[in-house]
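Trainee: I have the sequence and the model open. Can we go through them with some questions?

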Amino acid sequence: MIGLIMLGSIVNYLTRSTLAVAAPTILKDLHISAQQYSWILGAFQGAIMFQPVCGYVLDVLGLKVGFAIFAAAWALVNMAHGAAHSWQTLAWLRGLLGFSEGSANPAGMKATAEWFPAKERGLAGGVYNIGASVGSMVAAPLVVWAILLYNWQAAFLITGGLGLVWVVLWLLLYQSPQKHPALSDQERDYIASGQEKHLHSDGTRPSILRLAGQRNFWGIALPRFLADPTWGTLTFWLPLYLTTVRHFDLKQIALFAWMPFLAADFGCIFGGLVSMWLQKYARAGLINARRGAFTLGACMMLGVGFTGFVNNAYAAIALLSLAGFAHQTLSVTCITMASDLFKKNEVATVAGMAGTMGNAGLLIFSLLIGGLVATIGYTPFFICLGVLDVAGAAILWSVVREPQTSGAIVNSNASDN
């Protein structure tokens with residue numbers, strides 16, 4: 001099941017990254033400026049901030065049906081990008097894509113909450129989040145290949161078509177643990193016994209207003225607001241940075257633009273392993289282990305600030321790869337905390353709300369890049385990325401409170417809590 005979710009995440013990020021890789025070609029072909037490109041990206045980020053709506057739909061309709069509807073929508077909208085002839089049309093389509101793709105993170109968190117005991121959720125979240133970096137990584141060579149062999153329009157048709165294939169697989173293969181025919185009673189009991197009893201679904205519909213009034217929501221939402229600009233910078237601005245600052249051509253982008261996302265793959269696993277290690281060997285509680293992994297990633301992010309100061313283009317690629325690794329180390333731990341702190345019937349909604357905050361930060365940061373990069377360059381933005389993550393770590397430690405467990409199993413060393 002986590003492999004199926006990861007595959008969906010791969011397709012999700014492959015489709016959303018198609019525009020970024022094709023951007024140097026599209027901007028030239030359609031006579032779009034860097035500022036207009038930032039507005040196109042802003043339409044996506046503005047629409048994806050409706051993640052709480054997606055999460056609410058998933059909680060109400062159920063994961064299988066709800067996610068299939070959203071995935072089919074994003075695949076078809078992505079294919080429609082090939083018919084765009086102006087930046088205004090692209091902005092409209094990006095808005096529709098952003099809304100539908102906003103379902104991916106809430107769906108992934110809801111699936112891990114259903115399928116994994118608490119002590120394994122960090123690693124499971126890391127595995128499915130590999131899809132984000134793999135999808136972004138595959139986008140560079142696949143889209144460049146489509147452009148060189150056909151045109152940029154074909155790139156959107158191919159990546160969107162892969163999304164429709166995944167929808168079929170999802171409908172055929174996904175089931176909850178309670179309904180999956182291949183799951184033994186022993187496996188089903190193992191999952192249930194390792195989950196927090198105080199976070200079991202109470203059968204009610206989640207209230208966005210009530211959840212927004214809880215400090216634990218803001219404890220994970222504000223770090224997302226500060227951290228997500230890193231991923232947006234790598235996903236949407238990296239090809240243009242390599243083209244305009246490092247003078248890479250399209251083939252060089254295909255050769256090197258995927259490297260930060262490969263490093264991000266390892267960061268996804270690393271963050272989950274650090275959390276598990278802290279619980280097992282440092283005897284940290286579940287929440288403190290998550291915070292420790294986030295803090296480690298934030299400290300590594302400080303090195304990214306040197307990207308603009310190195311003259312060697314390959315050293316810059318190495319530092320941007322560090323950004324991918326460090327960001328996913330901290331991101332997966334923060335994202336996973338939605339399932340650690342809230343009830344099962346609230347997880348998708350909370351994940352969507354936190355995702356809204358993350359994408360708000362990304363939107364603001366992206367608009368600032370679009371408006372200021374021509375005058376101040378990229379260097380100040382690289383410095384800001386590390387500083388913002390350190391601030392996010394401080395918020396995570398000071399705001400989040402471990403819930404009262406009432407005897408629930410929250411990790412393998414529950415007695416320590």
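Trainee: In which loop is R283 found?
Mentor: Keep in mind that this is a predicted model. R283 has a positive phi of about 55° although it is not a glycine. Its place in the chain is the loop between α13 (259-280) and α14.

Trainee: H31 is another residue with a positive phi that is not a glycine. Is H31 buried or exposed?
Mentor: Phi of H31 is near 55°. H31 lies in the loop between α1 (2-30) and α2 (34-48). Its relative accessibility is 69%, and the cut-off for that class is over 50%, so H31 counts as exposed.

Trainee: How far apart are the C-alpha atoms of L157 and R283?
Mentor: L157 is in helix α8 (residues 152-173). With a relative accessible area of 46%, L157 is partly exposed. Along the chain, L157 and R283 are 126 residues apart, and their C-alpha atoms are separated by 50 Å.

Trainee: What distance separates the end C-alpha atoms of helix α14?
Mentor: Helix α14 covers residues 286-301, which is 16 residues. At 1.5 Å a residue, α14 should span 22 Å. The distance in the model agrees with that: 23 Å.

Trainee: Which residues of α14 are buried?
Mentor: Buried means under 20% relative accessible area. An α-helix has 3.6 residues a turn, so residues three or four places apart point the same way. The buried residues of α14 are L286, I287, A289, R290, R291, A293, F294, G297, A298 and M301.

Trainee: Which helices are included in what covers the buried residues of α5?
Mentor: Helix α5 (residues 87-101) has 15 residues and reaches 20 Å from its first C-alpha to its last, close to the expected 21 Å. Its buried residues are L90, A91, L93, R94, G95, L97, G98, S100 and E101. The cover over them includes α1, α2, α4 (63-80), α6 (104-115) and α11.

Trainee: With which residues is R224 in contact, leaving aside neighbours within four places in sequence?
Mentor: R224 lies in helix α11 (residues 215-244). At 7% relative accessibility, R224 counts as buried. Its contacts are N105, P229, C334, I335, A351, A354, G355 and G358.

Trainee: In the largest nonpolar core, which residues touch the most other members?
Mentor: This core has 118 residues. Its largest share, 14 residues, comes from α1. The residues that touch the most other members are I26, Y37, F67, W170 and I220.

Trainee: What is the radius of gyration of the chain?
Mentor: The chain has 17 helices and zero strands. Its C-alpha atoms fill a box of roughly 60 × 45 × 35 Å along the principal axes. With 417 residues, a compact globule would have a radius of gyration near 22 Å, and the value for the chain agrees with this: 20 Å.

Trainee: What share of the contacts with a separation of 6 or more joins residues 24 or more positions apart?
Mentor: Buried residues make up 59% of the 417 residues. The chain exposes about 15,600 Å², and carbon and sulfur atoms supply 69% of that area. For the contacts you ask about, the share is 85%.

Terms used: Residues are numbered from 1 along each chain as its sequence is written. This is a predicted model: local features need pLDDT of at least 70, side-chain atom pairs count only at pLDDT 80 or more; totals for chains, interfaces and linings use all residues. Side-chain values use heavy atoms; hydrogens and water are left out. Helices (H or I, at least four residues) and strands (E, at least two) are DSSP runs, numbered from the N terminus. The expected span of a helix is 1.5 Å times one less than its number of residues. Buried means under 20% relative accessible area, exposed over 50%, partly exposed in between (1.4 Å probe, protein chains only). A nonpolar core is a set of buried Ala, Val, Leu, Ile, Met, Phe, Trp, Tyr and Cys residues joined through side-chain atoms within 4.5 Å. The radius of gyration is taken over C-alpha atoms; the globule rule is 2.2 Å times the number of residues to the power 0.38. Contact means heavy atoms within 4.5 Å. Accessible areas come from the Shrake-Rupley method with a 1.4 Å probe; for residues, only the protein chains shown count as cover.
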